[in-house]
Amino acid sequence: MMKRFALTTISLAALCAGSAVSAEELSVVGSWSSLPLHKQYEVPFWTKTLPEVSGGDLTATLTTHDQMGISGGDVFRMLSQGVFDVGMTVADYAVADSAPLEGLDVPLIATDAATAKKAVDAARPMVDDIYKDVFNSKVLAIAPYPPQVVFCNADIKSLDDLKGKKVRASGRMTAKFLEALGAEGVNVSFGEVPGALQRGVVDCAVTGAGSGYNAGWWEVSTHLMTLPLGGWDPVVTAINMDKWNSLSDEQKNVLQTAIKEKFEAPAWDDAQGALENDIACLTGKGECPYGEARGMVLVTPSAADEAKAKDVLITQVLPDWAERAGSDWAKRWSDSVGKVTGVELDVN
């Protein structure tokens with residue numbers, strides 16, 4: 001009897017040890033450490049929510065690419081190599097590795113959060129395939145930065161006033177759009193923009209309103225045009241495919257469910273309100289819930305501005321992208337994102 005009890009005790013100990021070994025600590029690299037998406041959503045999800053909902057079976061060590069000193073364009077390349085388990089950054093940073101990925105964030109395709117979410121959902125199967133084939137990874141979530149608007153250290157009143165100006169673009173398709181408007185698209189990293197605006201290296205720069213507020217762009221720019229020339233700058237969260245395949249079915253289910261319900265959905269739910277608050281904080285027109293309101297000049301786009309922008313998008317920018325991405329990807333985009341946004345793309 002004593003022998004049987006001893007064996008049972010040993011078996012239980014082994015079972016407990018096996019359970020402990022199966023617990024996973026994920027190494028996670030988040031998006032920009034100074035911006036609201038990281039502070040309000042990434043940090044609580046990875047450090048608190050996921051450990052709680054998984055009962056400690058899934059935990060994470062979290063840093064960001066800027067804290068690591070690596071460029072945004074290297075995040076998914078390093079993820080594909082298994083340098084870390086989960087990477088989170090702006091999809092536009094990775095378009096040098098995949099022209100079709102530009103189709104996730106099209107300028108002016110959506111002027112409100114609800115439409116932007118429909119476009120992202122429609123593009124999701126395309127994005128899933130790109131990340132699997134190009135980055136050896138599985139997409140877990142796509143969350144928005146606020147719409148990418150225009151900060152100018154120059155007097156502008158309309159879209160036509162961008163002609164001849166040097167403008168920092170937030171992505172390749174945005175740069176093509178600016179060039180079609182007669183502006184010069186300039187490649188400047190996010191962290192270098194304030195200095196570039198101050199020194200006149202660029203006249204204007206495109207980023208999210210909240211990003212610009214938090215990064216102090218209001219100190220070196222005077223005018224804010226709220227036309228979303230840079231789209232919504234979606235941030236993709238992806239996990240290395242080898243790491244994903246090593247997780248148990250239960251861990252996969254917990255992670256997918258939690259990140260959709262506790263991270264992705266809240267970020268989208270708050271996106272439209274965040275834009276309105278960000279504009280109030282930058283211009284002083286309305287109440288700023290984040291801190292001191294600034295005094296930038298608000299440039300509201302006219303109907304003529306919006307019509308011109310849409311025409312340039314459909315007749316020049318999207319056809320240029322379709323040629324670079326290839327007809328198969330262009331057709332997939334047209335049949336998905338194009339349908340839900342009402343934008344026709346000739347792929348013949």
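Modeller: Start with an open sheet of six strands, ordered E7-E6-E8-E5-E9-E11. Its pairing is mixed. Keep in mind that this is a predicted model. Look at the two edges of that sheet, E7 and strand E11 (297-299). Each has a single partner strand, so one side of each is left without a neighbour in the sheet. From one strand to the next, the twist averages 30 degrees.

Go to the E7 end. Strand E6 (residues 166-168) runs parallel to E7, and three bridges join them.

H6 gives the most, with three residues.

Stay with H6 for a moment. Helix H6 spans residues 172-180, and Thr174 is found in it. Is Thr174 buried or exposed? With a relative accessibility of 2%, Thr174 counts as buried. Leaving aside residues up to four places away in sequence, Thr174 touches Pro107, Ala169, Leu229 and Gly230.

Now turn to the other open sheet. Five strands form it, in the order E2-E1-E3-E10-E4. Here too the pairing is mixed. Strand E2 (58-64) and strand E4 (137-143) stand at the edges. Each of them has a single partner strand, so one side of each is left without a neighbour in the sheet. Neighbouring strands are turned by 20 degrees against each other on average, direction ignored.

Inside this sheet, pick out strand E3 (residues 86-90) and strand E10 (residues 235-240). They run antiparallel, joined by five bridges. Thr89 stands opposite Val236 in E10.

Two helices belong in this view. Helix H2 (residues 36-53) lies across strand E1 (24-30), E2, E3, E4 and E10. It runs at about 155 degrees to E2. Helix H10 (residues 249-269) packs on the sheet and touches E1, E2, E3, E4 and E10. The direction of H10 makes about 25 degrees with that of E4.

Follow E4 to Ile142, which is found in that strand. At 0% relative accessibility, Ile142 counts as buried. What does Ile142 touch, not counting residues up to four places away in sequence? The list is Leu104, Val120, Arg124, Val127, Pro234, Val235, Val236, Glu264 and Trp268. For a sense of distance, take Ile142 and Gly212. They are 70 residues apart in sequence and 21 Å apart in space, C-alpha to C-alpha.

Next comes the largest nonpolar core. It holds 66 residues. Those that touch the most other members are Phe76, Tyr131, Phe177, Leu229, Val236, Leu318 and Trp333. Helix H5 (residues 113-135) gives the most to this core, with 11 residues. Apart from it lies another core, of 49 residues, with Leu26, Val202, Ala205 and Ile239 among them. In soluble globular proteins, nonpolar side chains tend to be buried together.

Leu108 lies in the loop between E3 and H5. Although it is not a glycine, Leu108 has a positive phi of about 65 degrees. Leu108 is buried, with a relative accessible area of 8%. Asn136 sits in the loop between H5 and E4. Asn136 is not a glycine either, yet its phi is positive, about 45 degrees.

Note on methods
Residues are numbered from 1 along each chain as its sequence is written. This is a predicted model: local features need pLDDT of at least 70, side-chain atom pairs count only at pLDDT 80 or more; totals for chains, interfaces and linings use all residues. Side-chain values use heavy atoms; hydrogens and water are left out. A nonpolar core is a set of buried Ala, Val, Leu, Ile, Met, Phe, Trp, Tyr and Cys residues joined through side-chain atoms within 4.5 Å. Buried means under 20% relative accessible area, exposed over 50%, partly exposed in between (1.4 Å probe, protein chains only). Helices (H or I, at least four residues) and strands (E, at least two) are DSSP runs, numbered from the N terminus. Two strands pair if DSSP finds at least two bridges between them. Axes are lines fitted to C-alpha atoms, for helices over the stretch in contact, and angles run from 0 to 180 degrees between N-to-C directions. Contact means heavy atoms within 4.5 Å.
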